[in-house]
Amino acid sequence: MSLEVVGMLSKVIFESERGDFLVAEFIDALSAKRFRASGKIQVSPKADAKQRYRIIGQWENSPKYGETFVAIYSEPTRPQELSGIAPYLANNVKGVGEVTAKKLVDALQIKNIDDLVAICRDEKEKIFQYFGGKKRKVAENVITVMVTDEVFRNVMIFLHEHNIPPRFAKRIYEKYGVASLTNLMENPYRLIADFRQVGFLRADAIAQKLGLPTTSPFRIEAAFIYALEIAQEEGHCCLPRDNLIDKARDLLGGKFDPTFSREFTLEQLRSIYKKNREEKKETFLIRETTNFKSLQNNTIQEILFYLPEVLRMEDEVAGFIQGLLKIPPLFEHKEKLVQSDIVKGEKTFEELFPGVPWEKLSSEQQAAVQMSLSSRFMVLTGGPGCGKTFVLKAIYGVQRALNRRVALCAPTGLAAKRMTASIGEQASTLHKMLGLGRRNKDETQNVIEELEGNTGALDNVDVVIVDESSMLSLDLLHSLLSVLGPNRRLILVGDVDQLPSVGAGNCLRDIISSAQAPIARLTQIFRQSSESPIPLAAREIISGKKPEYSYISRIPVFPRPESFAFIPCSQQTFFDVLIPFLCETVKNIYELDPLKNCQILVPMRRTEVGQENINKIIQNHLNPPSENKKEYSLPYGSILREGDKVIQIKNNYELDVFNGDLGYCKTIIKTKEKVEATVEFSDRVVIYEDEEIDDLQLCYSMTVHKSQGSEFPLCIIPMFGVYFTMLDRNLLYTAITRASKYVILVGEDWAVKKAVGSQNAIRRFTFLDRLLLGHQDQEIKN
């Protein structure tokens, strides 16, 4: 249980850079004894020595500070006497001085603090009237301080006693207001849908403490919804009924509690769905699949369950694509002349487009370029070494020769920069091109969030070319198609054998497998094995065959550069191999910069050989601490140091930096007012301030998923059994194809065999391919 102490501030012992943690000495108001308190304690900036604070928390023994009262909530205590009200307002309300506070108390004829609370709660207009329109914000500050404290405090205590971090209290209060506790006690499972940080197990623990029965409809419905949300995190758009029941039973405790049999859970699923339909409430929806055409490799013939927004997006994406395929192409004047010459046979493509190197294009490459002339929607796909980039550059040249305005883009910043370098024209991220930003939906849990963009973003564009389209999630493709319009062309370029998007969906694969859109497949490898063994190795991996590579027997220092090598080692000896290879072999034998030209790609973030631990250890070798290098504490225990290699992990539209952008921390400047970090990216320098810095992460190693769309001269890929659940041929294929010259596998040989023999990453529950095929009685005419 939480305890409460009241004291006066004596001195501040420690305050964090961000101001979110304080250690201070207080004087107990009852015993006059001094004690230490720590936590997020809100100290009034203008408070004098008489200001008292109510602190709620628990006594704990700190190894650094001794017996300490650890706070979960704190507030300045409210004065009981009339004379203390004005100083209290002056100390705790931003924009209010003591003179203004005294005038407010007199004008409203306030006799005690309860009078002021009642006016702020029930007669707000009096406060607004007193301050007038120009100081409306100050009036709002007064009301907030006087009204919200009590409910906010109770919410804080309630959450603390149910193991929910205090930082969520403000969000919960903003969402539910004065009904916060009522809502939580009636149905704590609502937290799952409304807040990302609360999962089913945490909400379930609260419900059990409150005495809700395990068979409560709230609990069972929450299990179904949460199962669908977890499925989205795993990349699925939907779940078949049996899979949904299995996942829900796991959450409900069906393995140990016979109450939740398959029959009972199925009955509850039907009952909840029927009740929601009668009440016109949409928490999850179903799709009947029997009337849709079947695919050779898709045997789903049952009911699929969706979250509502995902079902709508999948339907609309299919509709957008079908619309593009049905509409005949519209030709401008020059395009009409070209088409006429081609149809009549009066001129060849070589004569019409002399700027395209036709003699260097293979027959399938030429066919791909020609397909782009008339196709309103098409896909260009192929593996490494097949010349996708060369063909893409030719397609761009043809489109520009026809006076078509072309927008080049990719799902990530890394992919866009690579596209810019290869085509020689500026490419951008899809988010930037479309002016996309996440809707603020009260911190909702759903993994697929609707992306809201600028509907006029493509007003001056005729053709959109998207590279690395295997990374297109359902929501991102939906955003693009919803603003594309019927008169523009869309060309998707990507390697269908790479890992699918991090977000839900398998869009590129679904579009190709439906066989409804024009597909240009590049299969011939032009990059010879003498130049690089990577393309052939990639093809072997995707075919389920173990690739050939050089074995370097536990020697991290090579006598000569090896293009594709394997160094066997255990987890325990991994860093004994990795560090000398990075610090000596990469620099001296490969003649590459281990910081700028080399990238470690790992299947997982955690474990001893995961991304986070590798980053910490390699940081200390490639960029060790120094008196001349300033540091900043990142979340989750990482240290940002001047000179570090970093990656942006969230889109920041104000700074114009995006998820996946790689850079180097040049300077860290700390002042009393703020912290600044200067990061140099390939094309610009960005200055981060305070919490913006938290969106940076060390990047000596990165996950394979995060590396999609990028390319590095040398890639080091650890392969260990501890990655078991992630070992997959598409993951290994994606990892080795990130390297332009050299691949070094390090670890256990059997882990490579396990990866080559498994193919689970691309198996996702989606229905876009069948939607594109249409109903049994529908045909799409190209």
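Arg 418 sits at 28% relative accessibility, so it counts as partly exposed (between 20% and 50% relative accessible area; buried is under 20% and exposed over 50%, with a 1.4 Å probe and protein chains only). Its side chain meets that of Glu 711 in a salt bridge, 2.9 Å from N to O (the term covers a side-chain nitrogen of Lys or Arg within 4 Å of a carboxyl oxygen of Asp or Glu). The two partners lie 293 residues apart, with Arg 418 in helix H18 (residues 413-423) and Glu 711 in the loop between helix H25 (704-707) and strand E28 (712-719). Helices here are DSSP runs of H or I with at least four residues, and strands are runs of E with at least two, numbered from the N terminus. Glu 711 is partly exposed too, at 39%.

This is a predicted model: local features need pLDDT of at least 70, side-chain atom pairs count only at pLDDT 80 or more, and totals for chains, interfaces and linings use all residues. Residues are numbered from 1 along each chain as its sequence is written, and side-chain values use heavy atoms, leaving out hydrogens and water.

The whole structure holds 30 salt bridges. Another one pairs Asp 242 with Arg 262 at 3.4 Å, N to O, linking helix H11 (residues 241-252) to helix H12 (residues 262-278) across 20 residues. Both ends are partly exposed: Asp 242 has a relative accessible area of 35%, and Arg 262 has 31%. Shared partners bring Asp 246 into one network with Asp 242 and Arg 262. Arg 405, partly exposed at 38%, meets Asp 462 at 3.1 Å, N to O.

Turning to the interior, 53% of the 782 residues in the protein chain are buried. The largest nonpolar core has 87 residues, and Val 464 and Ile 511 have the most contacts inside it (such a core is a set of buried Ala, Val, Leu, Ile, Met, Phe, Trp, Tyr and Cys residues joined through side-chain atoms within 4.5 Å). Helix H10 (residues 217-233) gives the most to this core, namely nine residues. At least three residues come from each of domain 2 (213-298) and domain 3 (324-438 + 447-522), with bounds taken from an automatic or database domain assignment. Beyond its neighbours within four places in sequence, Val 464 is in contact (heavy atoms within 4.5 Å) with residues including Ala 407, Met 433, Leu 480 and Ile 491. A second, separate core of 65 residues includes Val 577 and Leu 662.
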